[in-house]
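Me: I am new to this structure and would like to learn how to read its features one at a time. Could you take me through them slowly?

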Amino acid sequence: MNLRALRAFVEVVRQGGFSQAAEVVSLTQSSVSKAVRTLEDELGAPLFNRLGHRNELTAAGEIVYRRAQVLLAESNDLVAEINDLRGLKRGQLRIGLPPVGCGVLFAAMFATYRRRYPDIEIELTEYGSKKLRGCLEAGEIDLAALLLPTDEGFDFQPVRNEPLMAVLPMNHPLARRKRIDFTDLADSPFILFEAGFALNAKILAACERKGVTPKVTARSGQIDFIVDLVSAGLGVAFLPRMLAHMHQPTGIALIPLDEPHTDWHIALAWRASAHLPPAARAWLDLAKEMAHSE
């Protein structure tokens, strides 16, 4: 059965006439009439009772109209899915990641994604969370890895939640504590990340809640360098547990930070009003799949 003929028939019903339907489907009136006659010949039953200038559906016409709408909707869905598949062959993944932790969390995902979708062009942007939010709002990227909570207007899919650890030199007076909070560390100099890193905001907000004004002695965007500064006795730092254990040389103590609302809870975020391209949806699906496999 010809879908084009079905579409012409449906529009005759919707528009209330053959000439009106012809305008909608971009055919001549005679072509629409021929399409309907072809359907009637195929089905062996009239679809319309032609009453002067009016056309009323027959019982067979009612059935065909109801079924045709379903078939045409399925056809549209099929075309949309095929277009999505083509998109995964020719599309682009525009993603923004923060320097902190992105290698640990996403390197394996990039390898798997590349293997599955070898023709997708990956455009990677690396900034701190504040700048990534701006890129996302401006539509310069489709997805960004951000710390929760995200801004209003963003939807998100959680990726990983890690508590913060205090990173202290072994000769620090508190290096043997089981847990530690910012009140305990009020007299210790802090080594923070560079400006624009969302983790800083969490740390400073927690200090403010405790009435602690930290003395910031150094800033860096490199975890290894921050740990080296701690090892040299310059101050204390704070890292997500997963990253802290990966960057733990001798002479460093890692102590769980006993502070609420300071977890490193990272998620993939996108503009709620945006249409996510197939390449971005595939990345979200992969992230969920890999999270479930851990």
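Me: What should I keep in mind before I start?

Reply: This is a predicted model, in which local features need pLDDT of at least 70 and side-chain atom pairs count only at pLDDT 80 or more, whereas totals for chains, interfaces and linings use all residues. Residues are numbered from 1 along each chain as its sequence is written, and side-chain values use heavy atoms, with hydrogens and water left out.

Me: Into which domains is the protein divided?

Reply: Domain bounds come from an automatic or database domain assignment. Here they give domain 1 (3-69), domain 2 (86-160 + 265-292) and domain 3 (164-262). The centres of domain 1 and domain 2, taken over C-alpha atoms, are separated by 47 Å.

Me: How do I read a nonpolar core, and which residues touch the most other members of the largest one?

Reply: A nonpolar core is a set of buried Ala, Val, Leu, Ile, Met, Phe, Trp, Tyr and Cys residues joined through side-chain atoms within 4.5 Å, where buried means under 20% relative accessible area, exposed over 50% and partly exposed in between, with a 1.4 Å probe and protein chains only. The largest nonpolar core has 65 residues, and Phe-106, Phe-238 and Trp-283 touch the most other members. Helix α10 (residues 278-293) gives the most to this core, with 7 residues, and at least three residues come from each of domain 2 and domain 3. A second, separate core has 19 residues, among them Phe-18, Phe-48, Ala-68 and Leu-72.

Me: Where does Phe-238 sit, and which way does it point from its strand?

Reply: Helices (H or I, at least four residues) and strands (E, at least two) are DSSP runs, numbered from the N terminus. In strand β10 (residues 237-240), Phe-238 and Pro-240 point one way while Ala-237 and Leu-239 point the other way, and all are buried. Two strands pair if DSSP finds at least two bridges between them; strand β7 (residues 164-169) pairs with β10 in the antiparallel sense over 4 bridges, and Phe-238 is the bridge partner of Ala-166.

Me: What does the side chain of Gln-157 reach, and is this residue buried or exposed?

Reply: A polar contact is a pair of N or O atoms within 3.5 Å; within protein, one must be able to donate a hydrogen and the other to accept it, and residues adjacent in sequence count only if both atoms are side-chain atoms. The side chain of Gln-157, a residue of strand β6 (residues 154-162), reaches the backbone oxygen of Leu-284 at 2.8 Å. Gln-157 is buried, because its relative accessible area is 11%. Contact in the wider sense means heavy atoms within 4.5 Å, and, leaving aside neighbours within four places in sequence, Gln-157 is in contact with residues including Ala-267, Trp-270 and Lys-288.

Me: Which backbone angles deserve a second look?

Reply: Most residues other than glycine have a negative phi, and most peptide bonds are trans. Ser-26 has a positive phi of about 60° although it is not a glycine, and this residue lies in the loop between α2 (18-25) and α3 (29-43). His-261 also has a positive phi, near 65°, and lies in the loop between β11 (252-256) and β12 (264-271). Ser-26 counts as exposed because its relative accessible area is 64%. A cis peptide bond, with omega of about 5°, joins Leu-148 and Pro-149.
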